[in-house]
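The following exercises ask the reader to examine the structure step by step. Each task is followed by a worked solution.

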Amino acid sequence: MDRIIIRGGRRLEGRLPISGAKNAALTLMPCALLTDEPLVLRNLPRLADIDGFGHLLNQLGASTKIEGTRPEDFGRVMTIRAGRLTSTEAPYDIVRKMRASILVLGPTLAREGRARVSLPGGCAIGNRPIDLHLRALEAIGAELETEGGYVAARAPGGRLAGGRYRFPIVSVGATENVVMAAATARGTSVIENAAREPEIVDLCRCLIAMGARIEGVGTERLEIEGVDRLHGATYAVMPDRIEAGSYACAVAMTGGDLTLVGADADAMRATLGALAQAGVSVDEERDGVRIRSDGRLRPLELSTAPYPGFATDMQAQFMAMLCMAAGASVLEETIFENRYMHVPELARMGADIQVRGRTAVVRGVDRLLGAPVMATDLRASMSLILAGLVAEGETQVSRVYHLDRGYERLEEKLQAVGADIERVGDG
Ligand code: UD1
């Protein structure tokens, strides 16, 4: 298995291109299931999760054609055509590896009047993982049954009726599923306490480009008037605000001057605000966001929250960054229960972090020291890369496949702006 080796202490300087957003791409791709015409998605990142999702669409009978496959191409174009679905099932083997697979449920059900999706990892209905997806689909007319680890959904009469649903807590994925399903329902649907993440706005815009009627885009109340059919469209995936935020943390820690080319400042207000508060200089420029830092950081108090709050997907990276701040920071994780898995690994590099329940106190240290480390998820892995970029000596990050799920050509992008980083195989 590959590892990434970093020798820390280099300033980062130059221009770093931001890729299309993974999480937006993963909800735009299943929109193709809603029409028999081609959906052309531009600016797709080159990531393992995108390939995996394409594979799932193929299993359902959609064809996927990718252009821009030369190694030097950023921003691939994928044409997805679901002329006819040959299956309505998302099997366990795929869902198990990629939670976002659940996002085929809504559109498949809307298109075919039925869908069968494996429950991700041993959960039951009523349990946390996908209960909100199911409740919301039920509210717009789906009939559900669970059997053998699968949930089978049906639309009586072959078409969802539409309806009202108020989410008890904000869920990005469940909002996406119900919006896709409601787009071609017989009647109108009203979704309240909907997630407002920029990726949801991207989804709504793509559906509108396909002929959907949606009001309240970007607000917590979405009104979707079902249409008889959707047509094909060409749509460009938004820039990845989490990737951009991660590299902003990198330069904040190492010191330097980095322009995040193509980054959308509006989608990352909470991140940019927190960086500015820490003493980092943030400038919105014509072609992106420029981040400058002398490496001296002030401590912060941050709590994760649904958009427009501070993103849980930025928590691990800020924790690594705040290890280098002058003083004690307090981070609170309110979205996921077990999202401090990076703490023991950062501690192995010399970080001083105490976790009590959902709160972590990060005391700034004079230096971090390189070490062999590994992480259990995507953003946690990125926090170790960030720590490695500033640490003295050599850091080896293993389980690189986590990073490959969400950071397009990480080491190439960082090398180009001055980092001493490389990928090595075990072979
Ligand atoms: C998406 C993002 C992920 C991000 C998260 C929160 C994608 C592919 N992933 O994940 O990167 O960290 O939003 O911004 O876009 N919940 C339930 N029942 C459900 C669904 C969710 O209880 O049916 C809970 C979750 O356990 C969590 C909270 O709701 O505590 C928010 O999760 P949700 O917004 O649904 O996250 P995802 O869509 O899975």
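A salt bridge is a side-chain nitrogen of Lys or Arg within 4 Å of a carboxyl oxygen of Asp or Glu. The structure is a predicted model, in which local features need pLDDT of at least 70, side-chain atom pairs count only at pLDDT 80 or more, and totals for chains, interfaces and linings use all residues. Residues are numbered from 1 along each chain as its sequence is written, and side-chain values use heavy atoms, with hydrogens and water left out.

**Exercise 1. Determine how many salt bridges the rule gives, and describe the one formed by Arg405 and Asp49.**

Step 1. The count comes to 37 salt bridges.

Step 2. The closest N and O atoms of Arg405 and Asp49 are 3.1 Å apart.

Step 3. Buried means under 20% relative accessible area, exposed over 50%, and partly exposed in between (1.4 Å probe, protein chains only). Arg405, at 27%, therefore counts as partly exposed, whereas Asp49, at 6%, counts as buried.

**Exercise 2. Describe the salt bridge between Arg423 and Glu411.**

Step 1. The side chains of Arg423 and Glu411 meet at 2.7 Å, N to O.

Step 2. Because Arg423 lies in strand β24 (residues 420–424) and Glu411 in helix α14, the pair ties together parts that are twelve residues apart in sequence.

Step 3. Arg423 is partly exposed, with a relative accessible area of 28%, and Glu411 is buried, at 14%.

Step 4. Elsewhere, salt bridges that share partners join Arg7, Arg10, Glu394, Asp420 and Glu422 into one network.

**Exercise 3. Characterise the interface of domain 1 and domain 2.**

Step 1. Domain 1 covers 3–19 + 239–424 and domain 2 covers 22–236, with bounds from an automatic or database domain assignment.

Step 2. Contact (heavy atoms within 4.5 Å) takes 20 residues from domain 1 and 17 residues from domain 2.

Step 3. The buried area is the accessible area (1.4 Å probe) that two parts lose on being put together, summed over both. Between domain 1 and domain 2 this area is about 1600 Å², and carbon and sulfur atoms give 49% of it.

Step 4. The rule finds two salt bridges across this interface.

Conventions
Helix = DSSP H or I, 4+ residues; strand = E, 2+ residues; numbered from the N terminus.
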